[in-house]
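User: I'm new to this one. Can you walk me through a few details?
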Amino acid sequence: MSPRIAVVGGGMAAARFAERYGALGGPGTVTVYGAEPRAPYNRVLLADVLTGRYDAESIALPLGGALARPGCEVVEIDTARRTLRLAEGTVEPWDELVLATGANPVLPPVRGLRRADGYGLAGGVHTLRTLEDCARLAEDAVGAKRAVVIGGGVLGVSAARALAALGVRTEIVHQAPHLVERQLDPEAAAVLRERLRGLGVESYTGNRARAVHGGTAIPPDGGWERVGAVELASGYRLDCDLVVLACGTRPRTALAHRAGLPVGTGILVDDQLAAAPHVSAIGDCAEHRGTVHGLAGPAWEQADVLARRLSGAEPDARYPGTGPRARLSTGGLEYAAFGTVDETLAPDLDVLRLTDATRGSYKKLVLRGDRLVGAILLGDLATVDALAGAFADGGALAGHPLHLLTGGPAMTGEAR
């Protein structure tokens with residue numbers, strides 16, 4: 001009997017698994033159940049949809065021969081009977097279940113974010129996780145003068161750049177000492193901050209948003225109609241008529257928890273990405289060896305491994321984990337980071353660094369002997385493929401590593 005594979009979640013990990021399973025000639029049928037009204041799409045490009053660089057259709061992801069069922073929210077899983085129940089009441093059977101339920105945006109402990117009636121976010125306050133979020137924010141940005149983005153990670157920087165491109169004066173409030181602190185060092189973050197300033201974005205790092213205040217007439221429900229300012233912990237206020245929350249995500253685990261599956265921060269999986277017999281989890285909802293990655297790259301690597309295992313192309317396929325890495329390339333901002341970027345973490349690490357203030361670029365290699373353990377490229381990604389290849393080879397270096405920053409031929413012997 002041909003296996004019936006149910007994929008719960010309509011995000012990037014789900015699409016990647018379905019496409020790779022089909023490409024590998026996996027038997028049976030794959031059905032992708034998504035709560036959103038659209039088939040899977042590339043969330044990484046939402047900021048570029050906001051600016052109009054892409055439309056919603058152009059960021060759709062291929063599913064191979066899988067059946068997409070958008071608008072079909074799964075509300076219950078029965079692992080004993082191997083069935084799932086949809087919100088509409090329909091019960092569907094499965095032989096293998098893949099949980100790719102993704103993550104929800106984190107709402108920070110900031111007063112005034114929600115409407116007075118407790119339902120939904122206050123006027124002018126947005127998250128940016130779905131195409132529907134993107135459409136609402138684009139509509140609200142028309143005529144907006146000033147925006148505050150709370151959170152200066154990858155998403156916050158992308159959202160701020162997009163709003164600035166729409167002509168909205170934008171400010172980032174970030175609690176950490178510097179922007180994108182998980183992937184960049186302070187020097188790279190300083191270059192990024194200047195690049196953002198040149199695009200019309202100011203950054204307030206080491207600051208915490210304490211409250212959101214209204215700026216228009218009070219409606220009948222007793223709340224305010226639209227945001228008017230963000231108050232920092234210092235008491236200083238940033239006037240605005242838009243607020244975007246970019247404070248990270250939290251894995252969606254409620255469905256797995258109700259089904260009795262092991263849950264920590266995310267759905268706990270082993271090196272086979274299995275959470276239980278015939279049940280696997282991948283992407284933003286999965287926790288592997290104590291880590292929830294929350295990035296597209298690791299999610300796709302997990303999807304590839306699981307597709308090889310379930311298709312039979314590589315029944316013993318294992319996921320060894322993914323080293324820290326991130327990449328952003330959007331609207332004049334480009335950076336990539338790999339591995340350990342903080343050389344102060346160990347005494348045996350050396351650094352090779354190139355900074356070009358005129359071009360706004362910053363390049364750094366972190367080395368342990370003749371091995372590459374970390375790298376940052378900002379403003380010039382010409383050598384990113386060579387760096388990725390070096391990491392794929394375990395960080396082994398051939399010759400002097402300067403060519404990984406300049407793009408020239410590899411040198412041997414002493415540095416000159």
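Predicted model: local features only at pLDDT ≥ 70, side-chain atom pairs only at ≥ 80, totals over all residues.

User: Which residue meets the side chain of Glu202 in a salt bridge?
Analyst: Arg197. The N to O distance is 3.2 Å. Arg197 is partly exposed too, with a relative accessible area of 34%.

User: How many salt bridges does the structure hold?
Analyst: There are 28. One of them pairs Arg38 with Glu132, with the closest N and O atoms 3.9 Å apart.

User: Where do Arg38 and Glu132 lie?
Analyst: Arg38 is in the loop between β2 and α2, while Glu132 is in helix α3, so the pair ties together parts 94 residues apart in sequence. Arg38 is partly exposed at 36%. Glu132 is partly exposed at 24%.

User: What about Asp348, which partner does it have?
Analyst: Arg368. Their closest N and O atoms are 2.8 Å apart. Asp348 sits in the loop between β23 and β24, and Arg368 in strand β25, 20 residues apart.

User: Which residues do shared partners join into one network?
Analyst: Asp185, Glu343, Arg353 and Lys364.

User: New topic. What is the order of the open sheet of three strands?
Analyst: The order is β4-β5-β6, with antiparallel pairing. β4 and β6 each have a single partner strand, so one side of each has no neighbour in the sheet. The twist averages 25 degrees from one strand to the next.

User: How many bridges join β4 to β5?
Analyst: Four. Ile77 stands opposite Leu84 in β5.

Technical notes. Residues numbered from 1 in each chain as written. Heavy atoms only, no water. Pairing = 2+ DSSP bridges. Helix = DSSP H or I, 4+ residues; strand = E, 2+ residues; numbered from the N terminus. Axes fitted to C-alpha atoms, helices over the stretch in contact; angles between N-to-C directions. Salt bridge = Lys/Arg side-chain N within 4 Å of Asp/Glu carboxyl O. Buried < 20%, exposed > 50% of the residue type's maximum accessible area, 1.4 Å probe, protein only.
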